[in-house]
Amino acid sequence: MLMASREGASKLVSSMMLVSRSFSTATARGILAKEAVPAKAVGFNGDVVRRNIGEFWVRGSVFGLRHGSTASYSGKDQQQEEVKHSQPVAEGGDKAEEKNAIVSYWGVPPSRVTKEDGTEWKWNCFRIDLVLTVCYLKLKPWETYSADLSINLTKHHAPVTFLDKMAYWTVKSLRWPTDLFFQRRYGCRAMMLETVAAVPGMVGGMLLHCKSLRRFEHSGGWIKALLEEAENERMHLMTFMEVANPKWYERALVITVQGVFFNAYFLGYLISPKFAHRMVGYLEEEAIHSYTEFLKELDKGNIKNVPAPAIAIDYWRLPPNSTLRDVVEVVRADEAHHRDVNHFASDIHYQGRELKEAPAPIGYH
């Protein structure tokens, strides 16, 4: 009798450890909650290796956690799950949500995020993260941040070497047709600028990634740093799409410019990373100038200072009553940080070193 109870207790402990491990794995893959809520097991049945381990409620959403291979999930298991999910929702659950809940066969559960005021987090392009404590899920900021507006906006790298001068005048030559085409339409100008500015980080990160694979070596964090830059620039674009309505020929121009610039920068980075990063540094200096002119037009009243888009308020953690001017200020600060990162990367190459030898400025906003 005693041996049987010990064996049963051992199985229960083993089962709960598997549940905890599965939940932690699923959490790392993106099961998100905005506030601290208990992770409550509402169901447990079957063999811990071959069948459904359990379900957890996270702000009303249900997801299943499984171990074992796809083959271990038999037709009988599926029938049991269908019957189980056709039953009334456990206390505290919402019947409508239970009906619409997606049960993940592959252990990739749907996520639901809410903000501090209880409203739904509607952005899938950037998220928040959580950490798992003993019994609670707690919020930890991830992709959202508050911009550092104290950064020096006037810093400039004086071109000295031939490559520096080549990079500088390449950027200057690109500014002339941009000024001619967009003139004072700074909303559309910003949109076009961000479609170009989001390319270098992605290209540089991709090439460093491939280099790391070829040489079996670490990147020093620079892959992540450059991809962060590309993602930040893309979020700028998503923001300005809310305030600018590009015409069809401007969209066509974006496709053309992106196609040409991507391939040109790709080749340039392969030939000379020091030139490529220096050019982006100068490109960011021009972006700072453009956004400064944007702010002047807003202050003069030539551009209406409309309320800030909701996506900008959440991404930069701006106050709810923020305006377009506040958005332009934080975007300009982002560009100044990208300027520093790329000039720094170019300086590393000029010193005959590799990027991996210097700690990457990850999270430098």
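1. D340 is buried, with a relative accessible area of 14%. Because buried means under 20% relative accessible area, D340 falls in that class at 14%. The model is a predicted one.

2. Which residues pair with D340? One partner is K155: the two side chains meet in a salt bridge, at 3.9 Å from N to O. This pair links distant parts of the chain, since D340 sits in helix α10 and K155 in the loop between β6 (136-140) and α4, 185 residues apart. K155 counts as partly exposed, at 44% relative accessibility.

3. R339 also forms a salt bridge with D340, and here the closest N and O atoms are 2.8 Å apart. Both D340 and R339 are buried. Through shared partners, the salt bridges join K155, R339 and D340 into one network. As background, side chains of opposite charge can pair when their charged atoms come close.

4. Another salt bridge is formed by R278 and D347, with 2.7 Å between the closest N and O atoms. R278 lies in helix α8 and D347 in helix α10, so this pair ties together parts that are 69 residues apart in sequence. Are these two residues buried or exposed, or in between? R278 counts as buried, at 1% relative accessibility, while D347 counts as partly exposed, at 28%. A search of the whole structure finds 14 salt bridges.

5. The largest nonpolar core has 27 residues, of which L208, W222, F261, Y265, Y269, M279 and L355 touch the most other members. At least two residues of this core come from each of α4 (162-182), α5 (186-215), α6 (222-240), α7, α8 (273-300) and α10 (324-350). Helix α8 gives the most, with six residues.

6. What does Y269 touch? Leaving out residues up to four places away in sequence, its contacts are G204, L207, L208, L226, A276, H277 and L355. Another core, of 25 residues, lies apart from the one described above; among its members are L298, L324, V327 and V331.

7. Last, the surface. F181, W248 and Y249 form a nonpolar patch there, and together they have about 370 Å² of accessible area. W248 is found in helix α7, which covers residues 248-271. Why does W248 count as exposed? Its relative accessibility is 70%, and exposed means over 50%.

Methods: Residues are numbered from 1 along each chain as its sequence is written. This is a predicted model: local features need pLDDT of at least 70, side-chain atom pairs count only at pLDDT 80 or more; totals for chains, interfaces and linings use all residues. Side-chain values use heavy atoms; hydrogens and water are left out. Patches are made of residues with over 30% relative accessible area and no salt bridge: like charges are joined within 9 Å, nonpolar side chains (Val, Leu, Ile, Met, Phe, Trp, Tyr) within 5 Å. Accessible areas come from the Shrake-Rupley method with a 1.4 Å probe; for residues, only the protein chains shown count as cover. A salt bridge is a side-chain nitrogen of Lys or Arg within 4 Å of a carboxyl oxygen of Asp or Glu. Helices (H or I, at least four residues) and strands (E, at least two) are DSSP runs, numbered from the N terminus. Buried means under 20% relative accessible area, exposed over 50%, partly exposed in between (1.4 Å probe, protein chains only). A nonpolar core is a set of buried Ala, Val, Leu, Ile, Met, Phe, Trp, Tyr and Cys residues joined through side-chain atoms within 4.5 Å. Contact means heavy atoms within 4.5 Å.
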